[in-house]
Amino acid sequence: MAAPSAIAELMRDLGEALNTNPDLLFLGGGNPALIPEAGDIFSRHLQALLNDKALVQRWLGVYQSPQGSESLLPLLSQYLQDQGWPVSAKNLVVVNGGQSAFNRLFNLLGGPSVKGTQRIHLPMLPEYVGYRGQMIGGDAFAVSRPIIALESEHRFRYKLDRSALVLDEHSGALCLSRPTNPSANVVDLEDVRWLEGEAKRWGIPMLVDCAYGAPFPNIMAPSQAYRWRPGSVAVLSASKLGLPGLRTAVVVADEELASLLAHVGAVENLASGNTGPLLLESLIASGDIHRLTQLIPEYYQPKRKLMLALLDEHLQDVPYRIHGADGAFFVWLWLPNLPVSAKVLYQRLKARNVLVMAGNDFFFGEEASWQHARECLRLNICQSDQAMAEAVAIIASEIKALYSKA
Ligand code: PLP
């Protein structure tokens with residue numbers, strides 16, 4: 001955990017851009033947009049909670065139970081049942097953020113064990129950089145490259161390569177973010193079900209990271225919504241609803257694993273915070289969660305379109321390709337045969353006040369042997385239209401300069 005880490009660097013950049021140097025054009029980390037209508041809903045609910053004096057005392061003065069708030073869990077399980085998830089309150093655990101959930105899951109299911117080192121399989125690179133560096137005793141990931149499907153001159157898509165997944169007795173779990181950070185892919189439901197089937201064959205869980213997915217924040221096509229099934233683990237987070245400051249997430253798992261996660265939570269943290277669960281409860285009880293899960297995807301849709309249009313306009317003379325922008329709030333840009341590593345491009349852009357994410361670290365060490373892993377950038381679409389336009393103009397000028405020197 002003390003080793004150099006891409007996620008730590010990312011969060012340093014994010015902190016600098018959003019808290020100390022707001023003039024940076026920030027297309028970097030995964031902070032959600034500040035959406036005015038969502039902000040109004042959050043303020044109204046928090047104000048109502050604050051007006052209830054007895055509640056404020058419990059809110060600030062009582063530790064939550066290890067599994068999470070007794071009033072939230074039944075409400076949340078009803079909400080998930082309404083979305084077709086076969087859950088009860090016993091399947092749910094409240095956690096201080098998805099990041100913390102993955103830390104517990106990876107260390108329980110992967111790493112050193114009596115059977116030897118158990119691996120966490122990432123069936124489809126590139127994958128969320130924040131999974132790296134979490135495992136005590138050193139990361140034990142087994143990663144698979146995807147098929148790269150070229151869809152048109154400037155568009156492409158990663159597809160699951162089923163033949164690349166090899167599970168064995170040293171497999172501890174599979175893990176997939178869907179929508180995927182960084183590529184904005186929403187992996188075919190059929191492939192997710194296939195992965196779940198493979199996991200089941202080996203008696204291990206499939207972890208589905210729903211940080212951007214359904215039922216909330218729902219930044220994807222609803223027809224592609226994943227529904228949890230027994231044997232799998234879904235991780236939901238309040239962060240991309242616009243609430244990363246609350247550090248609240250919920251893990252959905254079989255009862256035995258859920259109670260183990262609650263146990264580890266008590267050891268690690270005593271309890272999770274109360275503010276996020278209280279606000280989530282209020283949003284669900286009032287039905288405002290439904291309004292949020294409509295307005296949030298609606299907000300990102302034109303942003304995504306604008307980013308694609310800006311890139312298509314400014315990159316005309318270079319051999320760029322953009323991944324199908326299905327979900328989350330990123331656009332993933334591939335620059336085939338880029339003459340330098342994307343990390344060098346990242347540094348050059350930083351020197352010009354533009355922050356992006358170099359793709360390299362999303363490839364879990366494959367960058368050494370796979371040129372594609374050194375050719376990608378992730379662009380966040382959460383900033384103002386003007387900031388996005390200014391940033392893309394600078395990004396395009398740097399990219400063109402690099403190709404023209406080659
Ligand atoms: N999973 C994915 C794919 C993410 O992008 C993030 C945050 O960016 C997380 C998990 C963790 O989010 P949080 O800890 O805020 O719930």
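For sorting residues by class on this tour, Ala, Val, Leu, Ile, Met, Phe, Trp, Tyr, Cys and Pro count as nonpolar, Asp, Glu, Lys and Arg as charged, and the others, Gly among them, as polar. You're looking at a predicted model, where local features need pLDDT of at least 70, side-chain atom pairs count only at pLDDT 80 or more, and totals for chains, interfaces and linings use all residues. Residues are numbered from 1 along each chain as its sequence is written, and side-chain values use heavy atoms, with hydrogens and water left out.

**Stop 1: the largest pocket**

Select M11, Q99, Y128, K240 and R247: of the 26 residues lining the largest pocket, these lie nearest its centre. A pocket here is an open set of points on a 1 Å grid over the protein atoms alone, where a 1.4 Å probe fits, with protein on both sides within 12 Å along at least five of seven lines; lining residues have an atom within 4 Å of a point. Its space comes to about 560 Å³, counted as what is filled by probe spheres set on the points, which are joined across faces, edges and corners.

Now colour α1 (6–20), α5 (98–109) and β9 (233–237), the elements that each give two or more residues to this lining. α1 supplies the largest share, four residues. Helices (H or I, at least four residues) and strands (E, at least two) are DSSP runs, numbered from the N terminus.

By class, the lining has 13 nonpolar, nine polar and four charged residues. Domain 1 (6–38 + 291–400) and domain 2 (63–288) each give at least three residues to it; those bounds come from an automatic or database domain assignment.

**Stop 2: the ligand**

- D209: a polar side-chain atom sits 2.6 Å from a ligand nitrogen.
- Y212: a polar side-chain atom is 2.7 Å from a ligand oxygen.
- Q99: here a backbone N or O atom lies 2.9 Å from a ligand oxygen.

The ligand on its own exposes 400 Å², and the protein buries 92% of that (Shrake-Rupley method, 1.4 Å probe).

**Stop 3: the second largest pocket**

Finally, pick I204, P205, G231, S232 and D254, which lie nearest the centre of the second largest pocket, among its 19 lining residues. α6 (189–201) and α7 (255–269) each contribute two or more residues, with α6 giving the most, five. The volume is about 390 Å³. Coloured by class, this lining shows nine nonpolar, four polar and six charged residues.

Note on methods: Polar contact = N/O pair within 3.5 Å; in protein donor to acceptor, adjacent residues only side chain to side chain.
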